[in-house]
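Please open the model in your viewer and keep the selection panel at hand. The tour below moves from one selection to the next and says what is to be found at each stop.

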Amino acid sequence: MRMVLIALAAPLIVWVLQAFALPISEAIVRRWIWLYTRGMTPDSQSKKASDAEAHYKDLKQAWIKDDGSKAEHIALRLLADVVRGMRDDIAWRWETDLAEQFARRLRSLRIRLHLVDPVLVRKRGLQVTGPVVIAIGLGWAITSVAAPVMSFAAAFGEEAKGISTRLLLLASARILSSVLLLLAVGRLFAVGKRGAALPPVSVAERGTSWEQGET
Amino acid sequence: MSSYLLIPYLSEEIGAMRRKPGKLLPLEINILSGGLELQARSEQFHGFALAKKIGEQQQSRTLTAYGTLYRALDRLAKAGLVEAEWEDPQIAASEQRPRRRLYRITLDGTRALQQALKEADQAAVSRIVREGT
């Protein structure tokens, strides 16, 4: 009975795949274009979408005309083309304006941190400097290591006296990662202190042009 | 890590590659040579025609991916080796398709291609000489 049902359903499944594979893959392509152009001006976004649509329309027609490809094959080839180009789509977006946006956001974050600093100094007498940040972070690191050790002790009682090498390794990795993270945060704070004096960064300045030898 | 350090790092991570000033990548050479061939027939060409031309030149059934091709075209346009403009909307409407971006190889582009081909020839000759000795 079950086999009969599968045999009856198989042509229906194939038909559904044939009928919907192409619209689904086209929708995926459109969604991907929307995703990597997100945040651009509506004009740039619609132009990129139009450009891509025109390209893929030509591509589909060529496949049908030259190879006589079926809808489901076209759908797969379309998706394969998008996947092959994804890395470059992302890089294109990065080169277009994301690099500049990222620099702008980081600058504004630095300015915000710079604003927080005098408030802390005035109210708490605490200056947010590199060593202070590292001290706070070390506290965090120690507590984060203490938590698994305590839970281990709670679970095994007396047996927990000899902490396993595995746990030690885990703890060392956590300390190392915490210190690295803190150094990065400390550096950000340090940069934040002189952030206002720094000149703005643009994509052009960092030399992405062909003449400057970087792509 | 400051943005000054982070941005070039991320850019390289995402896929940009360093090269000598004025040096063209193989894909860019293909674009310029394919584009010039297309330009000999009509004044401008669009991306799909170019992808097809490159495919023919390389005798490959798989065309250059959309993202790869248009990123390279964008880079060449920024460098002034290619000029790009949007197609007249009326033409696109009459053919019932979305608007295309039309490209044209500039004089600088032609020169850059000639230079790249010359360098490639010289490199090939010196390689043959080196292998022969």
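What follows is a tour of chain A and then of chain B.

This is a predicted model, in which local features need pLDDT of at least 70 and side-chain atom pairs count only at pLDDT 80 or more, while totals for chains, interfaces and linings use all residues. Residues are numbered from 1 along each chain as its sequence is written, and chains are lettered from A and ligands numbered from 1 in the order in which they are written.

**Chain A**

Begin by selecting chain A, whose secondary structure comes to five helices and zero strands; helices (H or I, at least four residues) and strands (E, at least two) are DSSP runs, numbered from the N terminus. Of its 215 residues, 18% count as buried, a residue being buried if 20 or more other C-beta atoms lie within 10 Å of its own, exposed if 12 or fewer, and partly exposed in between, with C-beta atoms placed from the backbone. Among the contacts in chain A between residues at least 6 apart in sequence, 73% join residues at least 24 apart, where two residues are in contact if their C-beta atoms, placed from the backbone, lie within 7 Å.

Next select residues 42-67 of chain A, which form helix α2. The end C-alpha atoms of α2(A) are 36 Å apart, in agreement with the 38 Å that its 26 residues should span at 1.5 Å a residue; the expected span is 1.5 Å times one less than the number of residues. The buried residues in α2(A) include Lys48(A), Asp51(A), His55(A) and Tyr56(A). After α2(A) comes Gly68(A), with a positive phi near 65°.

**The sheet of chain B**

Turn to chain B and select its strands, which make an open sheet of three in the order β1-β3-β2 with antiparallel pairing; two strands pair if DSSP finds at least two bridges between them. The edge strands are β1 (45-46) and β2 of chain B, each of which pairs on one side only. α4(B) packs on the sheet, where it touches β2 and β3 of chain B, and its direction makes about 110° with that of β2(B).

β1(B) and β3(B) pair in the antiparallel sense over two bridges, with Phe45(B) having Tyr103(B) as its bridge partner and His46(B) standing opposite Leu102(B). β2(B) and β3(B) pair, also in the antiparallel sense, over five bridges, and here Glu85(B) stands opposite Leu102(B).

**Helices of chain B**

Select α2 (26-41) of chain B together with helix α3 (residues 47-57), which pack at an angle of about 110° with their axes 9 Å apart; axes are lines fitted to C-alpha atoms, for helices over the stretch in contact, and angles run from 0 to 180 degrees between N-to-C directions. The two helices are therefore roughly perpendicular, a term that covers angles of 65 to 115 degrees. Among the residues that make the contact are Ile31(B) and Leu38(B) of α2(B) and Leu50(B) and Ile54(B) of α3(B).

Continue to helix α6 (residues 107-132) of chain B, which has 26 residues and reaches 38 Å from its first C-alpha to its last, close to the 38 Å expected. Gly109(B), Ala112(B) and Leu113(B) are its buried residues, and the buried residues of α6(B) pack against α2, α4 (66-78), β2 (82-86) and β3 (101-105) of chain B.

**Two loop residues**

Finish with Gln59(B), found in the loop between α3 and α4 of chain B, and Gln96(B), in the loop between α5 (89-94) and β3 of chain B. Phi of Gln59(B) is near 50°, a positive value in a residue other than glycine, and Gln59(B) is exposed, because 6 other C-beta atoms lie within 10 Å. Phi of Gln96(B) is likewise positive, near 50°, and Gln96(B) counts as exposed, with 7 C-beta neighbours inside 10 Å.

Notes
Angles under 35 degrees count as roughly parallel, over 145 as roughly antiparallel, 65 to 115 as roughly perpendicular and the rest as oblique.
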